[in-house]
Amino acid sequence: MAPTVLHLRSETKHLEHRSALTPATTAELIKAGYIVNVERSPERIFDDEEFEKAGATLVPEHSWVDAPKEHIIVGLKELEEKDFPLKHVHVQFAHCYKQQAGWENVLARFPRGGGTLLDLEFLVDEHGRRVAAFGFHAGFAGAALALEVWAWQLNHSEPFPGVESYPNEDALIADVKKAVKEGVEAAGRLPRVIVIGARGRCGSGAVSALKKAGIPDENILDWDMAETAKGGPFKEITDSDIFVNCIYLTSKIPNFVNMESLQVPDRQLRVVCDVSADTTSPFTPVPIYTVATTFDKPTVPVDGLTSGPPLSVISIDHLPSLLPREASEAFSHDLLPSLLTLNDWQNSPVWARAKQLFDEKVATLPESALQK
C-alpha cells in the first residue's frame, strides 16, 4: 500500500503566520510513514528549512491545486474565494458551517469537485470535546489587545493602530504592561474586565493574559455558564471597562449585550473583544457590530450610542496569529494523534465524525449553489 501524502499549503490570509503542521509534528508524521510535502511560504512563522530538516519535501507555493487527487491538503484558514471546484480532501478551518455570510458558496465547492472538507473546528472526540483548538492563544491575544485598546482610547482620539505578530509571549506582555501603565495614568485606576466563558480554553487564556499584564484578581470578573444561565443582557458588562467574549455557540441564546443595553447613562464599557468573531452568525450573543476587524485595522467603533465613552470592538478571527509560534506548536501537538490516523481517515472515529458533519451540511445546500 502506497504511503499517504500530506500536502501542507501556504496560507493566503493576510498576516496569517500560523501553521497546522510544525517541523516537530512533520517529523513525527514522516517517522510514522507519511510523505509530507510542504509549500514554501514567505508568511509562515517557521522557516522552510526547518521543515526540510524534519524530512519534508519543499514544493512551490499554491501547488496544491494541481496535486494528485489522493493527496490530502492540510491548511489552516479558509481558502481564497474562488469558484473552481475542489477535488481533494481538505483539512482546514472553513468557517461555513454556521451560516456565515457566503457559506453556501464556500461549502459547495467541495461537492462540486468531488472533494471533502474535514473542518478542524469540528474535530471532536467521543465526548464531543474538540481534539485541538487555538482557543487558549485566541483568548490570550484578545485580552492582551483589549487592554492595549483601552489604554489607547484614554490617551488618543484617533483609532487604535495596526498590530503585527510577536516573536514570543514575553514581547507581547512587555508591550501590554507599558500600555496599561499609560492607561492607569489617564484613568487613575486599573481597568475592570469581565470575561465570559472564563472556564474554557479561550477564557482561561484571556484570564492568563490579564494576570500576566498585572490586572489583579479583584478587577477580573470571570464568568461561565452558571453566571450567564439567567440570560442577558447583563449590566455587569456595561459596568466593566472591557468585555472579553470567549463563548463558542452553535445555537441562539439571549444576548449578553445589545444596543439597548449599551444606552445607559452610567456605561463604563469602552472595549469589547469578541474572540469568537462570528460577526455575521445569527447565533452571536454580541450583536452590536457587523464588521470583522483585522490586524491592519484592529477595531471598529460602535455607532449610534447617545451617551458614555466611545466603544470599540475587536473582532479579529485569527487572534492566535499574534503569537504564531507558540499557538502553532500547541495546536499541532494536540492535533498530532488525529493526524497520525489520516492514512485510514474514513475509519478513524474523529475524522469519520467530521465527514458525517460535512455530509449533513452539504445536504442543506441550495440547489443553485451546486449548479455553478
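Start your tour by selecting His62, which sits in the loop between strand 3 (57–59) and strand 4 (72–74). Keep in mind as you go that this model is predicted. The backbone is the thing to look at here: phi of His62 is near 65 degrees, a positive value in a residue that is not glycine. Is this histidine buried, exposed or partly exposed? His62 has a relative accessible area of 39%, so it counts as partly exposed.

Now move to His95, in the loop between strand 5 and helix 3. Here too the residue is not a glycine and yet phi is positive, at about 55 degrees. The relative accessible area of His95 is 24%, which makes it partly exposed.

**Zoom out for a moment**

Show the whole chain as a cartoon. Seen along the principal axes, the C-alpha atoms fill a box of roughly 70 × 45 × 35 Å. For 372 residues, a compact globule would have a radius of gyration near 21 Å, and the chain agrees because its own value is 21 Å.

The accessible surface comes to about 16,000 Å², and carbon and sulfur atoms account for 52% of that. Of the 372 residues, 53% count as buried. If you colour by charge, you will find 36 positive and 52 negative side chains, with the centres of the two sets 2 Å apart. The contacts tell you about the fold as well: of those between residues at least 6 apart in sequence, 74% join residues at least 24 apart.

**Helix 3 and what covers it**

Hide the surface and select residues 103–113, which make up helix 3. Which of its residues are buried? They are Trp103, Leu107, Ala108, Arg109 and Phe110. Now display the elements around them: the cover includes strand 5 (89–92), strand 6 (116–119), helix 11 (349–362) and helix 12 (367–370).

Pick out Ala108, one of the residues of this helix. With a relative accessible area of 1%, Ala108 is buried. Leaving aside neighbours within four places in sequence, what does Ala108 contact? Its partners are Leu365, Ala369 and Leu370. Draw a distance from Ala108 to Leu365, C-alpha to C-alpha: the two are 257 residues apart in sequence but 7.1 Å apart in space.

Step off the end of the helix to Gly114. Just after helix 3, this glycine takes a positive phi of about 80 degrees.

**Across to Lys212**

Lys212 belongs to helix 6 (residues 201–212). Its relative accessibility is 38%, so Lys212 counts as partly exposed.

Show the side chains around this lysine. Beyond its neighbours within four places in sequence, Lys212 is in contact with Phe140, Glu169, Ile173 and Lys177. Which of these side chains makes a polar contact with the side chain of Lys212? Look at Glu169, where the distance is 2.6 Å.

**A cis peptide bond**

Next, select Gly232 and Pro233 and look along the backbone. The peptide bond from Gly232 to Pro233 is cis, with omega near 0 degrees. Pro233 lies in the loop between helix 7 (225–228) and helix 8 (235–238).

**Two buried serines**

Go to Ser19, in the loop between strand 1 (5–8) and helix 1 (23–31). Ser19 counts as buried because its relative accessibility is 2%. Follow the side chain of Ser19 to the backbone oxygen of Leu21, 2.4 Å away. Apart from neighbours within four places in sequence, Ser19 contacts Leu8, Arg44, Phe46, Phe51, Leu76 and Ser328.

The last stop is Ser321, in the loop between strand 12 (312–314) and helix 10 (324–339). At 0% relative accessibility, Ser321 is counted as buried. Where does its side chain make a polar contact? The partner is the side chain of Glu16, at 2.4 Å. Once neighbours within four places in sequence are set aside, the residues in contact with Ser321 are Leu15, Glu16, His17, Arg18, Ser165 and Phe295.

Key
Residues are numbered from 1 along each chain as its sequence is written. Side-chain values use heavy atoms; hydrogens and water are left out. The radius of gyration is taken over C-alpha atoms; the globule rule is 2.2 Å times the number of residues to the power 0.38. Buried means under 20% relative accessible area, exposed over 50%, partly exposed in between (1.4 Å probe, protein chains only). Contact means heavy atoms within 4.5 Å. Accessible areas come from the Shrake-Rupley method with a 1.4 Å probe; for residues, only the protein chains shown count as cover. Lys and Arg count as positive and Asp and Glu as negative; His and the chain ends are not counted. The place of a charge is taken as NZ of Lys, CZ of Arg, CG of Asp or CD of Glu. Helices (H or I, at least four residues) and strands (E, at least two) are DSSP runs, numbered from the N terminus. A polar contact is a pair of N or O atoms within 3.5 Å; within protein, one must be able to donate a hydrogen and the other to accept it, and residues adjacent in sequence count only if both atoms are side-chain atoms.
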